[in-house]
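Trainee: Could we go through the structure shown below, beginning with the spaces in it and ending with the helix packing?

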Amino acid sequence: MAIGSLAVLGQSAPASAIEESRMNRVIPAPVSVTPDRHGGAFELSRDTVISVDRGARGVGELLAGVLRPSTGYRLPVVTDRRQGAITLDLGYVPARLGTEGYELTVNRGGVLVKARTSAGLFAGVQTLRQLLPAKVESRTKQRGPWTVAAGKIVDFPRFAYRGAMLDVARHFFTPDEVKRYLDQIALYKINYLHLHLADDQGWRIEIDGWPRLTEHGGSTEVGGGPGGFYTKAQFRDLVKYAAARNITIVPEIDMPGHTNAALASYAELNCDGVAPPLYTGIEVGFSSLCIDKEITYRFVQDVITELAELTPGPYLHLGGDEAHVTTDPDFIKFFDRVFPMIEATGKKVAGWHEFLKATPPVSGVAQFWGTTTTSELVADAAAAGNKILMSPANKAYLDMKYDESTPLGLSWAGFTEVDDAYDWNPGAYVENVPESAVLGVEAPLWSETLENSDHIEFMAFPRLPAIAELGWSPWSTHDWASFRTRLAAQGPRWEAMGVDFYRSPQIPW
Ligand code: NGO
């Protein structure tokens, strides 16, 4: 057979097989996927409408925002029921689907996404995007057909918390850069973005009454660049932008260590009353708030009060890591005064797992970032009823280099290829921390070496989807061979979206 006719044969493969394969390429893997081999396919056309319940208009508009540029169709969002529509229906679904679960049913006559909440509908819509051809993600008009195979997906998350973290302190990222990342992580059903808002190199959030934090403390970054900070209005706008994508912002102000930017801004916060210079290097563990000065607690109180007021979400993160120049008794003394301040706001405290040296309230969440699978502190906290958030540095840190040739990133926790990031079970990872004690997973992206969205994307993709899948998908779906094929299918999507990802040699792109 001539090569030409082979190619033709390839092109004329039955459309249903191609579409059906997309049903099996979704990340994170859904709980159940049932193709309907006799149901044909749904085709998006110039007459399609997006029909929503009133409470789902925002989700409908976001879907339309993805589909309109590439299809060129009008895709009006309407609130009446229509034949042939994409319908987003807030209504009864089985209780096991919880608040973020959804059912997605496709047949020739339409697409129906059903969920109890708009968060569930949003999750269903992210799945629907992946059932359409990759070029649907393009911002310019593309040729159809825009078909989705018939079948049914039933889906809900394994863990309540599926997070990403962005360090905006070591290098500052503008609100638009943060929004771009929010858009990218939302596609993989990430529902928390933890922002590391202050560190030795920069203070990035306005606090009334302490203007030098941002004026001076925010004026630089690693390498000596101009830094930056978020005004309260900008931060509120980020919170809102995230919420529309079912993402809750978790603000972190690291303390008592990692505080050089604050100490440089206010001499009176230092035990010796002398402000140190701003810091633009990447060493850690050399700074501490002054534990025995009253002004320290007035400062921390103001910060906590204002963060709580800026943040509708349940968690405030206080860091607590690498306080190498704070003695243990001082560390405990400090947090004994600070934990009640958080409780008074009605929020839950989160911290890097060393903060367990002090005793957070039982509502407190410990973020495990170790590189081994044992931690007595963490196991004891789990036994005491604290929830644990899993971010093992040698698995979940997106700032680790993939291998020795990676131009960006650090390597203190080891090189982390895609299979390293994927191959661990958060529910059975740290000794004596059972799944019931695990709140979820988070993929931190520290920015000592990262300066812009291209850098973020190169480190986060393709590993972020691996962590997202560990957080969402049932362990029974865990399978590297399947994951790498599904990941390969994301490549053309990222190309269409302009995401600058790392083409890991492990993945059959
Ligand atoms: C550590 C350290 C951070 C670094 C990061 C780099 C934690 C919790 N504290 O993680 O200050 O930026 O490693 O990978």
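Trainee: By class, what does the lining of the second largest pocket have?

Mentor: The lining of the second largest pocket comprises seven nonpolar residues, one polar residue and six charged residues. Here Ala, Val, Leu, Ile, Met, Phe, Trp, Tyr, Cys and Pro are taken as nonpolar, Asp, Glu, Lys and Arg as charged, and the others, Gly among them, as polar. Bear in mind that this is a predicted model, in which local features need pLDDT of at least 70 and side-chain atom pairs count only at pLDDT 80 or more, while totals for chains, interfaces and linings use all residues. Residues are numbered from 1 along each chain as its sequence is written, and side-chain values use heavy atoms, with hydrogens and water left out.

Trainee: And what volume does the second largest pocket have, and which residues are closest to its centre?

Mentor: The volume of the second largest pocket is about 270 Å³. There are 14 residues lining the second largest pocket, and those closest to its centre are Val 284, Glu 322, Leu 410, Trp 412 and Glu 448. A pocket is an open set of points on a 1 Å grid over the protein atoms alone, with protein on both sides within 12 Å along at least five of seven lines, whereas a cavity is a set where a 1.4 Å probe fits but cannot get out; lining residues have an atom within 4 Å of a point. The volume is the space filled by probe spheres set on the points, which are joined across faces, edges and corners.

Trainee: OK, how much space lies in the largest pocket, and which residues lie nearest its centre?

Mentor: The largest pocket holds about 380 Å³ of space. Its lining is made of 17 residues, with Val 66, Arg 129, Arg 139, Asp 183 and Met 497 nearest the centre of the pocket. Two or more lining residues come from each of the elements α3 (57-71), α4 (118-131) and α5 (175-186). The helices named here are DSSP runs (H or I, at least four residues), and strands are E runs of at least two, all numbered from the N terminus. By class, the lining of the largest pocket has eight nonpolar, three polar and six charged residues.

Trainee: Where does the largest pocket lie relative to the domains?

Mentor: The largest pocket lies between domain 1 (15-155) and domain 2 (161-477), because both of them give residues to its lining. The domain bounds come from an automatic or database domain assignment.

Trainee: Which element gives the most to the lining of the largest cavity?

Mentor: That is α4, which gives three residues. Among the residues that line the largest cavity are Ala 119, Phe 122, Ala 123, Lys 189 and Trp 472, and by class the lining divides into six nonpolar, two polar and four charged residues. The largest cavity lies between domain 1 (15-155) and domain 2 (161-477), since both give residues to its lining.

Trainee: What lines the second largest cavity, then?

Mentor: Its lining is formed by Tyr 161, Val 250, Tyr 315, His 317, Ala 350, Val 365, Leu 389 and Leu 439. These residues divide into seven nonpolar, one polar and no charged.

Trainee: Back to Lys 189, what is its phi?

Mentor: Lys 189 has a positive phi of about 65°, although it is not a glycine, and Lys 189 sits in the loop between α5 and β11 (192-196).

Trainee: Last topic, at what angle do α5 and α7 pack?

Mentor: α5 and helix α7 (residues 232-243) pack at about 15°, with their axes 10 Å apart, and are therefore roughly parallel to each other. Axes are lines fitted to C-alpha atoms, for helices over the stretch in contact, and angles run from 0 to 180 degrees between N-to-C directions; those under 35 degrees count as roughly parallel.

Trainee: And how do α5 and α14 pack?

Mentor: α5 and helix α14 (residues 453-460) pack at an angle of about 25°, with their axes 10 Å apart, and so α5 and α14 are roughly parallel to each other.

Technical notes. Parallel < 35°, antiparallel > 145°, perpendicular 65-115°, else oblique.
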